[in-house]
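Visitor: I would like to learn how to read a model like this one. Please take me through it feature by feature.

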Amino acid sequence: MFKALVVNKDEDGKTSAAVEEMTLDQLPQAEVTVAVEYSTVNYKDGLCIGPGGGLVRNYPHVPGIDFAGTVEASDDDRYKPGDKVVLTGWRVGEAHWGGYSQKARVRADWLVPLPAGLDTRQAMAVGTAGFTAMLSVMALEDHGIKAGPVLVTGAAGGVGSVATAILAHLGYKVAAVTGRPETEGYLRDLGASQIVAREELNETVKRPLEGETWGGCVDAVGGAMLARVLGQMEYGASVAAVGLAGGAGLPATVIPFLLRGVNLLGIDSVMQPYDNRLRAWERIATDLPMEKLEAMVRPATLADLPKLGADILKGQVQGRVVVDVNAG
């Protein structure tokens, strides 16, 4: 027997989440069984736990789009019992049972060996948010980061926090955008050299181009803020788009792309090819300062997840939540 957070739906369509006892034969069929040690909390997790079930299609369901742990059994030669592994993406926790469980069974193709220099707890302090942040930094580097500060929107959130820490560690000046003044100290501790109030960027303007201000941008907000930022990028600079907290619409013009050669780079963390996943995790192990990572961490247990799922949907979760699935 083992414990898992299970989401059920009743006849009226109402969902509820609670920690339940399960057996191994209840797990879905796949090649690798993992003893999960840690998971984390992302916006998608909040959707899957919360009212209506969000992205979930079949019930009962075990959410958790990330996990790290130790292989217990494997029918695939790439993994053997005792191997440390990490999983993010592939719609695990949405279409397939996920990491809010002490045991998980998944396809071998979805796993990545835990890189040297990281333990399973640190890997989940990174999670999908940190993995996405690293993919964003890599994309900006591949296209050339310019001279100005690198803007990070939604900087106090999971992606923004890790992106700020990585960019500062790599020597870039980071301008962190936040709508919560109380997070300024937290962001400066992560390495931000400039704090930008959300109100300064939250409205569209009639001018398609403004002064060339930013040498790159990691944008977790989208919407009107992204449109505004595009018009403030330096010539040839790039924006890595990773989220839509401010809306899925983009009230922009093509002028920044045509007259300044600005690049808008879409970052998908769910279906990334294996080689790029490995590259990103290896970069995380070397380029994310672990002491800064620890400053972002808030510990949690399986029993805490229903409330944390609701909190993250309200934008009330700062930094990274690490869920010890064996605690409590």
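Visitor: Is Thr 132 buried or exposed?

Guide: First, the ground rules. This is a predicted model, where local features need pLDDT of at least 70, side-chain atom pairs count only at pLDDT 80 or more, and totals for chains, interfaces and linings use all residues. Residues are numbered from 1 along each chain as its sequence is written, and side-chain values use heavy atoms, with hydrogens and water left out. Now the idea: buried means under 20% relative accessible area, exposed over 50%, and partly exposed in between (1.4 Å probe, protein chains only). Thr 132 has a relative accessible area of 6%, so Thr 132 is buried.

Visitor: Where is the place of Thr 132, and with which residues is Thr 132 in contact?

Guide: Helices (H or I, at least four residues) and strands (E, at least two) are DSSP runs, numbered from the N terminus. Thr 132 sits in helix H2. Contact means heavy atoms within 4.5 Å. Leaving aside neighbours within four places in sequence, Thr 132 is in contact with Val 159, Val 242, Ile 267 and Ser 269.

Visitor: At what angle do H2 and H3 pack?

Guide: Axes are lines fitted to C-alpha atoms, for helices over the stretch in contact, and angles run from 0 to 180 degrees between N-to-C directions. Under 35 degrees counts as roughly parallel, over 145 as roughly antiparallel, 65 to 115 as roughly perpendicular and the rest as oblique. H2 and H3 pack at about 50°, with axes 8 Å apart. That makes H2 oblique to H3. The contact includes Ala 129, Gly 130 and Thr 132 of H2, and Gly 158, Val 159 and Val 162 of H3.

Visitor: How many residues of H3 are buried?

Guide: 10 of its 12 residues are buried, so H3 is largely enclosed by the rest of the structure. Among them are Ser 161, Thr 164 and Leu 167. The expected span of a helix is 1.5 Å times one less than its number of residues. H3 (residues 158–169) should span 16 Å, and its end C-alpha atoms are 17 Å apart, which agrees. Just after H3, Gly 171 takes a positive phi of about 100°.

Visitor: How do H2 and H7 cross?

Guide: Their axes come within 9 Å and cross at roughly 105°. H2 and H7 are therefore roughly perpendicular to each other. Phe 131 and Met 134 of H2 are among the residues making the contact, as are Trp 281 and Ile 284 of H7.

Visitor: Which residues touch the most other members of the largest nonpolar core?

Guide: A nonpolar core is a set of buried Ala, Val, Leu, Ile, Met, Phe, Trp, Tyr and Cys residues joined through side-chain atoms within 4.5 Å. The largest has 49 residues, and Val 86, Leu 167, Leu 187, Trp 281 and Leu 288 touch the most other members. H2 gives the largest share, 13 residues. Apart from this core lies another, of 34 residues, among them Val 32 and Trp 110.

Visitor: Which peptide bond is cis?

Guide: The bond from Tyr 59 to Pro 60 is cis, with omega near -5°. Pro 60 lies in the loop between helix H1 (43–49) and strand E4 (66–74).

Visitor: What is phi of Arg 91?

Guide: Phi is near 65°, a positive value in a residue other than glycine. Arg 91 is partly exposed, with a relative accessible area of 37%. Trp 90 also is not a glycine, and has a positive phi of about 60°.
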